[in-house]
Amino acid sequence: MPSLIAPGEQQMALDLWMLDQVEMSQNKLHGLGVEALVRFYRWQETCLSIGRHQVWPSSKCAIEVVQRPSGGSSVLHGSDLCYAIALARPPRGRRLSYECLNQWLSQALQQLGQELNHGEQNQSANPGHCFANATAADLIDQGGNKRIGSAQLWRRGSLLQHGSIQLRPQKQLWQQLFQQEPPPPLPETITSDALEAALLEQAQGWLFRNHPLALPWPEAALTSGSAATLSAIGASDNPIG
């Protein structure tokens, strides 16, 4: 799907639309007939997204606030690149699906010179904001800074995963909102366009299985439409999470 700069509500609606489409993949009368969709997007204005289980800020926020359909905690958007991927036949369970998709994400960042690893912290009941905690579902750099935070929504066996890749966080606003320092900026050579191109290139190679992941993944092929519309084919089990 084409990349898009739009307000937060529209971006979240599009992410849910992607999940709707892969859910209906077996019914081509109503769906697109694809089993995986991926897109990248940026935010029209600075925005704070909150997880679906979070409560809205009690005081009026100076920036737009939008609720994500997925879980997790608050994320400041505006200086990041976001991705969303919807799968009709994801790997079984949250842990394995995060591991598989993190390989795709880390391979793209490695292509641009950034080595990332899984976080090692335990899940916090109240981390304050997404980038305050780095679990095995997240990716951190060699300095221990969380670089990519992701969240999931499972529905009837299909998966929507979306996440934020912080490029050059807004330091002053970050400190005001979270009372913490943001991750340091990525090198200037890693632009949102370069990152999007690397992510799409790795996704295409990964789906074609030219460079198979170390973990099990369904057979897949590229559809003939948009360069970022991907169709995955293969057996699947219902997720445990």
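**Note on strand β10 and its surroundings**

1. Strand β9 (residues 146-155) pairs with β10 over eight bridges, in the antiparallel sense. Two strands count as paired if DSSP finds at least two bridges between them. Helices (H or I, at least four residues) and strands (E, at least two) are DSSP runs, numbered from the N terminus. Within this pairing, Gly149 stands opposite Ser164 of β10. The hairpin of β9 and β10 has two residues between the strands, and Arg156 takes a positive phi near 50° there.

2. A word on the source. This is a predicted model, in which local features need pLDDT of at least 70 and side-chain atom pairs count only at pLDDT 80 or more, while totals for chains, interfaces and linings use all residues. Residues are numbered from 1 along each chain as its sequence is written, and side-chain values use heavy atoms, with hydrogens and water left out.

3. The overall picture comes next. The protein chain has four helices and 12 strands. Of its 241 residues, 52% count as buried. Buried means under 20% relative accessible area, exposed over 50%, and partly exposed in between (1.4 Å probe, protein chains only). Among contacts with a separation of 6 or more, 62% join residues 24 or more positions apart. A contact means heavy atoms within 4.5 Å.

4. How many residues of strand β10 (residues 158-166) are buried? Nine of the nine are, so the strand is largely enclosed by the rest of the structure. In a regular strand the side chains alternate between the two faces of the sheet. Here both faces are covered. On one side, Ser158, Leu160, His162, Ser164 and Gln166 are buried. On the other, Leu159, Gln161, Gly163 and Ile165 are buried too.

5. β10 has another partner to look at. Strand β6 (residues 80-87) runs antiparallel to β10, and eight bridges join them. Leu87 has Leu159 of β10 as its bridge partner.

6. Helix α3 (residues 171-178) has two sides worth checking. Its residues Leu173, Trp174 and Phe178 are buried. They cover an arc of only 105° around the axis, which puts them on the same side of α3. The arc is that of the directions from the helix axis to the C-beta atoms. On the other side of α3, Gln172 and Gln176 are exposed. The cover over the buried residues of α3 includes β3 (47-50), β5 (75-77) and β10. After α3 comes Gln179, with a positive phi near 55°.

7. Now the aromatic rings. Rings of Phe, Tyr and Trp (its six-membered ring) pair if their centres lie within 6.5 Å; planes under 30 degrees apart count as stacked, over 60 as edge-to-face and the rest as tilted. By this rule there are five aromatic pairs. In one of them, the rings of Phe40 and Trp104 have centres 6.5 Å apart and planes at 45°, so the pair is tilted. Phe40 lies in strand β2 (residues 36-43) and Trp104 in helix α2 (residues 94-111), so the pair ties together parts that are 64 residues apart in sequence. Phe40 counts as buried at 1% relative accessibility. Trp104 counts as buried at 0%.

8. Trp104 also forms an edge-to-face pair with Tyr83, at 5.6 Å centre to centre and 90° between the planes. This pair links Tyr83 in strand β6 with Trp104 in helix α2, 21 residues apart. Ring pairs link Phe40, Tyr83 and Trp104 into a cluster.
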